[in-house]
Amino acid sequence: SGSAHLPLLNGLNEEQLAAVTLPAGHALILAGAGSGKTRVLTTRIAWLLQTGRATPGGILAVTFTNKAAKEMLTRLSAMLPINVRGMWIGTFHGLCNRMLRAHHKSANLPQTFQILDTQDQLSAVKRLCKQFNVDEESLPPKQLQYFISGCKEEGLRPADVQARDMAERKKVELYQLYEEQCQREGVVDFGELMLRSYELLRDNAPIRQHYQHRFRHILVDEFQDTNRLQYLWLKQLAGDMVGGSFQSSSSVIAVGDDDQSIYAFRGARVGNMQDFVREFDVRQQIKLEQNYRSYSNILDSANALISHNSHRLGKNLRTDQGPGEPVRVSESVTDLAEAQWMVDEIKSLVKSDDVARSEIAVLYRSNAQSRILETSLFNAGVPYRVYGGLRFFERAEIKHALAYLRLLENPHDDTSFMRVVNFPPRGIGARTMEQLQEGAQAAGCSLYDAVTAVAGKAGTKLQAFVALIDVLREETQGKTLRQTIEQMLQASGLIEHYQTEKEGADRIDNLGELVTAAESFVTQEGFGKDAVAIPLDEQEAMGVPGAGQSPVSQGLNPDAPVLDTPLPNASPSALPDVGNAQMINPDTGETLSPLVAFLTHAALEAGDNQAQAGQDAVQLMTVHASKGLEFDAVFIAGLEEGLFPHENAMSDMGGLEEERRLMYVAITRARKRLYLSTSQTRMLHGTTRYNVRSRFLDELPEEALKWLTPRHSGFGSGMGSLAFSSGAGGARGAGAGSWNAESSMSMWGKTPVPAQKAEPAHGIKVGIQVFHNKFGEGKVLAVEGTGDDARAQVHFPRHGTKWLALSVAKLTVV
Ligand code: ATP
Ligand code: MG
């Protein structure tokens, strides 16, 4: 067709063009980092729209973060003169929320249901455990939360879980009680958004068929990190099982990179790719092998590293860009020195190389590493921004404020009730609360409703709190969101409370930010794309008579414009069509309260980066949070055994491979410059750890690197595997490859010395038996460093494998 000459297709390479203009049907695009997967997805949507193959309402695209969704929408509106606001582009959670709001009745939820983020969920679980006298020692609430989330990710309700023992039966029982509690309170957690939406599609044929018919084009980015339930959800949208085989008339395009699968610990299944190909009978598979992001020194490093993984689907990446700068590697003596070095490099990048600060990212494996980096940047006066630490909507004062707002909408939200009933302090003690909870439990009602049953002084105080909420609700009727929040901040006593607090000024500023956030939410976002809710009777909207009939499936002719077919027996205006003004029901004029829309926005955005456009600040984030992003210059901090790869992941091979994929993701974020850093000592969780540099450094090609500090004989190839396979004993708990040295720091306080070939003076050699006065006899697996820096890796039969500093450990040769 002539469509190949559309301007939006300019600049695509052959494979990309093929992927963008694929004929309808299912397809898998499997390609490495920076090969243009996300770009292909966005361009395909634009192409489908521009050539009339789809209407905005006929497209559903899943992105990994809200930020990615926004970016996609921005790019689309730049490419096409269309209003993209109503398009179904978002995260799994965002899209499920949207669906549940539109069909809340069928999903058995109140229209104003509130979303619990991870923190809220934990408080809800804690409350439950307390109510049912669960012993926190034998079942920590966090563990129960993990269990519940895990079940939901697998699509399992309590009745579906096969308990293997008493302990698990108890968990299942609590899972059931937790569900009842959430249902009673009208709240859903993140897992529930997904599961409820999946069940809605599975169990309600008219709704399922409506969406199946509507979304002719389903596109999924970062498919390698979808979990079981997300895959099943997509399957419901795409088609039905007919006589044992899966039939689908839509076109599902999944885009992913098995080497970037980094969420297995949260239930992601790379296996979804194979399942997809098999179950959807995918005929079209496209590989993209040209990398457009990075210079070849960076790309070669990434390729060499990931080649150490065994279970790969196999693909290559090349670049036409030159080698660029070498990858710089630095070894510091302390974590503070590491941070200092980074700050110096960052300053020179900004000053001499004219790199924008916002184009510089510092990535780390663990959140705990950010503090020292922040301190150093702060002291040096370098603006920075931390992603994924304590995000705005997760801060205590914001949570308190949101809890008051939630109670205005839904007084039966017990989590919010508990959070603020005595905050600011109102003299409502723990005993009163116990009494109230017992009363609520006995009556099977919410805390709010149980207040009247509490007698005496305690009861009076509780009633005063309830009255405060009720009066505030009354008074804010008909007010704008901004006025509502401002009034709440005063009436609740929050502002007054923080004014008396020593460090309350920051918190008051943040509460001011909340007003700003609400304001811009209302004006710019038009209530936010995720907050869509059209109160309508779905049965009617679905056109009950005949709604169960399957719409006539239309084959898509790639050369003919295809428009969405309207749902049978339903007037178009009654459809929950988000292509229209979203907050208003076209039939009744009803709208969802901006407050509910804002609260939803707050819950869904909580887990996301909050980039401030235009701010020229260095970007600090975990490697996990950096997925899909790119920067001119990238620093990777803390390349040490036990930290990256992380000790928790070292107990099995799968864990190590996931760590390596994480490192692959980190490296491939860099466009022009990459800096790698390791530190000999690091203060973590209050103790100084003596580190061995990460095996990942030794897996990179020598030619691409430039060592800024003398290179130690390091965690050599042979040693790496030795230490790994011997990690079975105490190595995991003790932190494999690291050693807690509470002793004096002075021994590390000098420049590292390169390894000498000469015979070490201490007489400790690989293979000999040594004696340690705490661990007993053990075998030396490795030795490195000289003088005070000398260290040995020793395997002790009863204590596992440890790295020991020879100047401190006082080993004797047996
Ligand atoms: P990741 O796996 O990290 O998510 P990706 O495969 O999604 O990466 P993109 O982010 O889509 O890759 O693209 C990487 C970079 O390369 C982007 O800056 C993109 O604009 C650019 N790019 C992609 N294709 C081309 C092309 N044909 N010509 C020029 N630049 C391109
Ligand atoms: Mg991408």
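**Exercise 1. What percentage of the 814 residues in the chain is buried?**

Solution. The model is predicted: local features need pLDDT of at least 70 and side-chain atom pairs count only at pLDDT 80 or more, whereas totals for chains, interfaces and linings use all residues. Residues are numbered from 1 along each chain as its sequence is written, and chains are lettered from A and ligands numbered from 1 in the order in which they are written.

Step 1. A residue is buried if 20 or more other C-beta atoms, placed from the backbone, lie within 10 Å of its own, exposed if 12 or fewer, and partly exposed in between.
Step 2. Buried residues make up 47% of the chain.

**Exercise 2. Determine the strand order of the seven-stranded open sheet and its edges.**

Step 1. Two strands pair if DSSP finds at least two bridges between them.
Step 2. The order is 13-14-12-15-16-11-19, with parallel pairing.
Step 3. Strand 13 (384–386) and strand 19 (705–707) each have a single partner strand, so one side of each lacks a neighbour in the sheet.
Step 4. From one strand to the next, the twist averages 20°.
Step 5. Within the sheet, strand 15 (residues 631–636) and strand 16 (residues 670–679) run parallel and are joined by five bridges. Phe635 stands opposite Tyr675 in strand 16.

**Exercise 3. Describe the packing of helix 6 against helix 7.**

Step 1. Axes are lines fitted to C-alpha atoms, for helices over the stretch in contact, and angles run from 0 to 180 degrees between N-to-C directions.
Step 2. Helix 6 (residues 141–153) and helix 7 (residues 166–185) pack at about 75°, their axes 10 Å apart.
Step 3. Angles of 65 to 115 degrees count as roughly perpendicular, under 35 as roughly parallel, over 145 as roughly antiparallel and the rest as oblique. Helix 6 and helix 7 are therefore roughly perpendicular.
Step 4. Contact (C-beta atoms, placed from the backbone, within 7 Å) is made by Leu144, Phe147, Ile148 and Cys151 of helix 6 and Lys171, Leu174, Tyr175 and Tyr178 of helix 7.

Note on methods
Helix = DSSP H or I, 4+ residues; strand = E, 2+ residues; numbered from the N terminus. Contact = placed C-beta atoms within 7 Å.
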